[in-house]
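Visitor: Hi! Could you walk me through this model?
Guide: Happy to; let me bring it up.

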Amino acid sequence: MPKGFVTITAERCKGCGFCVEFCPTHVLALSSAFNFKGYHPPYVHDAEKCSGCDLCGMYCPDFAIYGTRITAAQKKGANHAG
Amino acid sequence: MSDNLMLENAALQVEEALPESMNPVEPFLRSERIPHIWCPGCGIGTTVNCFARAVMDSKLDPNKIAVVSGIGCSGRVAGYVNLDSFHTTHGRAIPFATGLKLANPELTVVVYSGDGDLASIGGNHLIHAARRNLDIKVICVNNLIYAMTGGQSAATTPESCTTATSPYGTFEPTLNLPHLLEAAGATFIARWTTYHVMQLAKTMKEALLHKGFSFIEIISPCPTLFQRRNQMGDGLETMKFYKEHGKTKHGADTASLDMTKSGDIIIGKFVEKKDRPEYIDHMREYYTQKLGRPFEYQVKTC
Ligand SMILES: Cc1ncc(C[n+]2csc(CCOP(=O)(O)OP(=O)(O)O)c2C)c(N)n1
Ligand code: SF4
Ligand code: SF4
Ligand code: SF4
Ligand SMILES: [Mg+2]
């Protein structure tokens, strides 16, 4: 299970690519699909590598993406459920 | 639709059973106003993320923080932050902030604006607020031009840059803001670029907690008007340029901080002094001495 996950609000994105370039573990890639405004938002290309560090959130000029860490308790819960 | 595209589309729509989460900057934004007006790859939004983190980390009460902006793309910040904020006239953010601070000394007053607004039309106010060491925090988004009005040359434009008003390149010398402000008397001076998000957030937090005139210059891309005219690529290319050319030198001599078109950008915290009295403290002490009785700094609220 990854240490974190990333949430993308595709409709806010303007496709600048900052998050894709500066994610330390290369979790993201720019999609070839369009959002409503005609930009290419990122998608999660390698979810397992996400640490939830939120560096993508720090870089995103459009507040369209953020990372969340998964706590030990949440991981345990997920394991029980699984 | 190609398989690849279908896969990506599916990835965009995936809603996994993940823990509840929220973008940590969301409480600091007037969410109903987002998407904002800034262009793709503009750096201003990135600085707002850093500011939101700085406010959170400072543990200051957000109800006691006010943001004052002038006019310009950078000046739009006041309209997007979910704090008490004031969108003033061009060049006059500092005079408004001065009045606000004097009338409400308990507020943390942040001036958030552009290089043209703060250093060109508003340059005089900038100098005098620094001279007084008034406890306001000035965040200057320096995209090296007057962006909002079409990319004209500003006092901050480096030599030989092509702008709307200098098709053959600028020939005027460039204002070195940290140097100017150190000479004027500012007690906290730093510079980062929009690539240096962690450092910037930390410095913003320190400035929020510093007592006295604080100035943070943020070198920021304007891909639409500056980088495009200078064949310097888009926002991402500019961020990579900052990564490569940003050279951290804490305590660097501010005289060495001139901005050039494509050379290294010296970044870091250059000045942090506690040896000058803050303006309001100084006024209290001075009048107490002159009047021979404690000087009550009283504010009448209407
Ligand atoms: C008194 C006055 N003069 C000129 C203008 C036109 N004006 C609006 S924004 C601006 C430049 C802003 O430049 P800067 O502060 O660097 O902000 P940026 O758009 O680059 O972020 C100018 C000249 C104005 N609004 N008011
Ligand atoms: S940084 Fe934000 S706006 Fe830029 S591509 Fe990523 S999600 Fe989109
Ligand atoms: S949270 Fe961190 S690791 Fe996850 S996508 Fe964002 S930058 Fe990459
Ligand atoms: S014109 Fe330049 S500074 Fe203004 S929003 Fe666009 S990129 Fe940003
Ligand atoms: Mg500007």
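Guide: Below we go through the metal site, the ligand surroundings and some backbone details.

Visitor: What should I know before I start?
Guide: This is a predicted model, in which local features need pLDDT of at least 70, side-chain atom pairs count only at pLDDT 80 or more, and totals for chains, interfaces and linings use all residues. Residues are numbered from 1 along each chain as its sequence is written, chains are lettered from A and ligands numbered from 1 in the order in which they are written, and side-chain values use heavy atoms, with hydrogens and water left out.

Visitor: Great. Which residues coordinate the magnesium ion (ligand 5)?
Guide: The magnesium ion (ligand 5) is held by Asp115(B) through OD, Asn143(B) through OD1 and Ile145(B) through O, at 2.1 Å. Donors are N, O and S atoms within 2.8 Å of the metal (3.2 Å for Na, K and Ca); water is not among the atoms, so sites may look incomplete.

Visitor: How are those donor residues spaced in sequence?
Guide: The spacing reads D-x27-N-x1-I. Asp115(B) sits in helix α5 (residues 115-121) of chain B and Asn143(B) in the loop between β4 (136-142) and β5 (145-146) of that chain, so the pair ties together parts that are 28 residues apart in sequence. Helices (H or I, at least four residues) and strands (E, at least two) are DSSP runs, numbered from the N terminus.

Visitor: Are Asp115(B) and Asn143(B) buried or exposed?
Guide: Asp115(B) and Asn143(B) are both buried. Buried means under 20% relative accessible area, exposed over 50%, and partly exposed in between, using a 1.4 Å probe and protein chains only.

Visitor: What surrounds ligand 1?
Guide: There are 15 residues around ligand 1, and the closest are Cys73(B), Ser74(B), Asp115(B), Gly116(B) and Asp117(B). A residue is near a molecule if one of its heavy atoms lies within 4 Å of it.

Visitor: And which polar atoms lie by the oxygen atoms of ligand 1?
Guide: A backbone N or O atom of Asp117(B) is 2.6 Å from an oxygen atom of ligand 1. For Ala147(B), a polar backbone atom is 2.9 Å from an oxygen atom of ligand 1, and for Asn143(B) a polar side-chain atom is 3.0 Å from one. A polar contact is a pair of N or O atoms within 3.5 Å; within protein, one must be able to donate a hydrogen and the other to accept it, and residues adjacent in sequence count only if both atoms are side-chain atoms.

Visitor: How does the shell around ligand 3 divide?
Guide: Around ligand 3 there are eight nonpolar, four polar and one charged. Of the 13 residues there, Cys23(A), Cys50(A), Cys53(A), Asp54(A) and Cys56(A) come nearest.

Visitor: Switching to chain A itself, how many helices and strands are there?
Guide: Chain A has three helices and four strands, in the order β-α-β-β-α-β-α along the sequence. Its C-alpha trace spans about 40 × 20 × 20 Å along its principal axes, and 51% of its 82 residues count as buried.

Visitor: Where is the cis peptide bond?
Guide: A cis peptide bond joins Ile34(B) and Pro35(B), with omega about 10°. Pro35(B) is in the loop between α1 (3-13) and α2 (44-58) of chain B.

Visitor: Last one: what is at the start of α10(B)?
Guide: There, a side-chain oxygen of Asp234(B) reaches to within 3.3 Å of the backbone nitrogen of Leu236(B). Leu236(B) is one of the buried residues of α10(B).

Terms used
Nonpolar A, V, L, I, M, F, W, Y, C, P; charged D, E, K, R; others polar.
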